[in-house]
Amino acid sequence: MAITDKKESILVVDDAPQTLEVIRRNLTSKGYQVFTASNAQEAIKIIESAPVDLVITDLKMPEVSGIDLIRHIRENYRDTEVMMITGYPSIESAVEAVKTGAEEYLTKPFTDEELFSAVERTLDKLHIRRAGQARFEKMPTASYGLIGESEKMRNVFSRIAKAASTSATVLITGESGTGKELVARAIHYSSSRASAQFVPVNCGAIPEELLESELFGHVKGAFTGAIESRAGFFQTADGGTIFLDEISDTSLAMQAKLLRVLQDKEVCMVGSSRPRNVDVRILASTNKDLLGLIRKDVFREDLYYRLNVITIDIPPLRDRNDDILLLIQYSANKFAKDLGKPAPKFSDNALQVLKNYHWPGNVRELENVIQRLVVMTDEEMIEVPDLPSLLRFSALRKAGLNRTLAEVEAEYIQNVLASVEGNISKASEILGIDRKTLRAKLKKIQGPS
Ligand SMILES: Nc1ncnc2c1ncn2[C@@H]1O[C@H](COP(=O)(O)OP(=O)(O)OP(=O)(O)O)[C@@H](O)[C@H]1O
Ligand SMILES: [Mg+2]
């Protein structure tokens, strides 16, 4: 048998020797490496001892059926595709084969061309899957802890680079958990200020009456309890960067003071009237709509324009689907390493559910979900049932698979009725029920009138 190393290996299983021989000859002529088996037991022996890319199996065979063979392969060999051939075309058998995991089925008699194109189609799917897995197994590289290869994240990266090359004020916007603080750090640590301090200040978490002295410092005796002078965050950040997180949580009075710092590049410690120069780069973030807050008179418009010299808007995770898989892989590796565990793998279906979820809490939510999975599961492979029920439920809803039979029936009846412009006789004919039954069903659908 001519074996080339480029072409895939195919195992053909059929109890009819002529069929086996014809397929073997055809596929060999195309350069595939072909194994043959006349029953499922023999086939399993071959699969156990040689790497097989594709199994083509007959459906009806004595003893172990093709369906059972397909099931065995699906459960034990993830990297092998399955194609079914049958001499008894029936919807039921085709449906069963596909449900069990056959990618394609072919009905006898088939032409050589039909065989070749079915084989190629099936192998194509295998290649796509392998390419996806290979990409997935590669640990994504992070720049400044930021992961992302999507067009949208590439745009964010280029804006970070631009911001890092200046000392201009930057407003970082994005939903909660999208990575605003990470972006702020990335700007600082890739700027010329990297060797000085990065000082994050959560404006929403510091009580209003303390914020001013925390930011600007205070002199001795400035207020009861001020036993000695203390520097504020702005002084600490001198030469470096201050990150005013949740800037919209500040009062209008505080905003006026910040505006002055931005304009004059100097701060006044609480209790002192002598302004001091500071060389601080300001980055600010918000997850609120500042323009909306300006309209409501709770955010100063002049401060907004001062902050908004460069804007970096981080898109929500659901709008950058390509990054979801990367982030899953990155987080799984990270958390597994922390726990001294091997990183789990994810089944294709589980990845699909994770990818389709809308992630209202963005990257933070994704990290939490993956961390929980890594901690809770000892399985090598994470499957759909391992995922939090919220995610599974939303996957069902997306696929429209959470409707009851009654709901589907009601919708179908209404569609049929609409298509015959409400003609009950015609509708009942199409639906295969009598008019009385249809009326009763309609009454139920429409509720008591
Ligand atoms: N692109 C990313 N790559 C890797 N990790 C990320 C990315 N974006 C966010 N994270 C992680 O997600 C979590 C939330 O990020 P971060 O705190 O920067 O978000 P945030 O936008 O400031 O959220 P919030 O508005 O809730 O303060 C952090 O643990 C961060 O490390
Ligand atoms: Mg934050």
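Modeller: The buried residues of α15 are Asn-362, Val-363, Glu-365, Leu-366, Val-369, Ile-370, Leu-373 and Val-374, where buried means under 20% relative accessible area, exposed over 50% and partly exposed in between, with a 1.4 Å probe and protein chains only. Viewed down the axis of α15, these buried residues fall within an arc of 165 degrees, so they line one face of the helix; the arc is that of the directions from the helix axis to the C-beta atoms. Helices here are DSSP runs (H or I, at least four residues; strands are E, at least two), numbered from the N terminus. This is a predicted model, in which local features need pLDDT of at least 70 and side-chain atom pairs count only at pLDDT 80 or more, while totals for chains, interfaces and linings use all residues. Residues are numbered from 1 along each chain as its sequence is written, chains are lettered from A and ligands numbered from 1 in the order in which they are written, and side-chain values use heavy atoms, with hydrogens and water left out.

With its 15 residues, α15 reaches 21 Å from its first C-alpha to its last, close to the 21 Å expected at 1.5 Å a residue, the expected span being 1.5 Å times one less than the number of residues. In the loop between α14 (348-356) and α15 one finds Trp-359, whose phi is near 45 degrees, a positive value in a residue other than glycine. Trp-359 counts as buried, at 0% relative accessibility.

Met-376, which lies in α15 (residues 362-376), is by contrast exposed, with a relative accessible area of 65%. Together with Leu-339 and Val-375, Met-376 forms a nonpolar patch on the surface, with about 310 Å² of accessible area in total. Such areas come from the Shrake-Rupley method with a 1.4 Å probe, and for residues only the protein chains shown count as cover. Patches are made of residues with over 30% relative accessible area and no salt bridge, like charges being joined within 9 Å and nonpolar side chains (Val, Leu, Ile, Met, Phe, Trp, Tyr) within 5 Å.

In α17, Ala-410, Ile-413, Val-416 and Leu-417 are buried, and, seen down the axis, the buried residues of α17 fall within an arc of 130 degrees, so they line one face of the helix. They pack against α18 (424-431) and α19 (435-446), contact meaning heavy atoms within 4.5 Å, whereas Ala-418 and Ser-419, on the other side of α17, are exposed. Just after α17, Glu-421 takes a positive phi of about 50 degrees.

Elsewhere the chain has charged pairs, with a count of 15 salt bridges, each a side-chain nitrogen of Lys or Arg within 4 Å of a carboxyl oxygen of Asp or Glu. In one of them, Arg-320 pairs with Asp-323, the closest N and O atoms being 3.9 Å apart, and both residues are buried. Another joins Glu-212 to Lys-257, at 3.1 Å between the closest N and O atoms; this pair links distant parts of the chain, Glu-212 in helix α8 (residues 208-216) and Lys-257 in helix α10 (residues 252-264), 45 residues apart.
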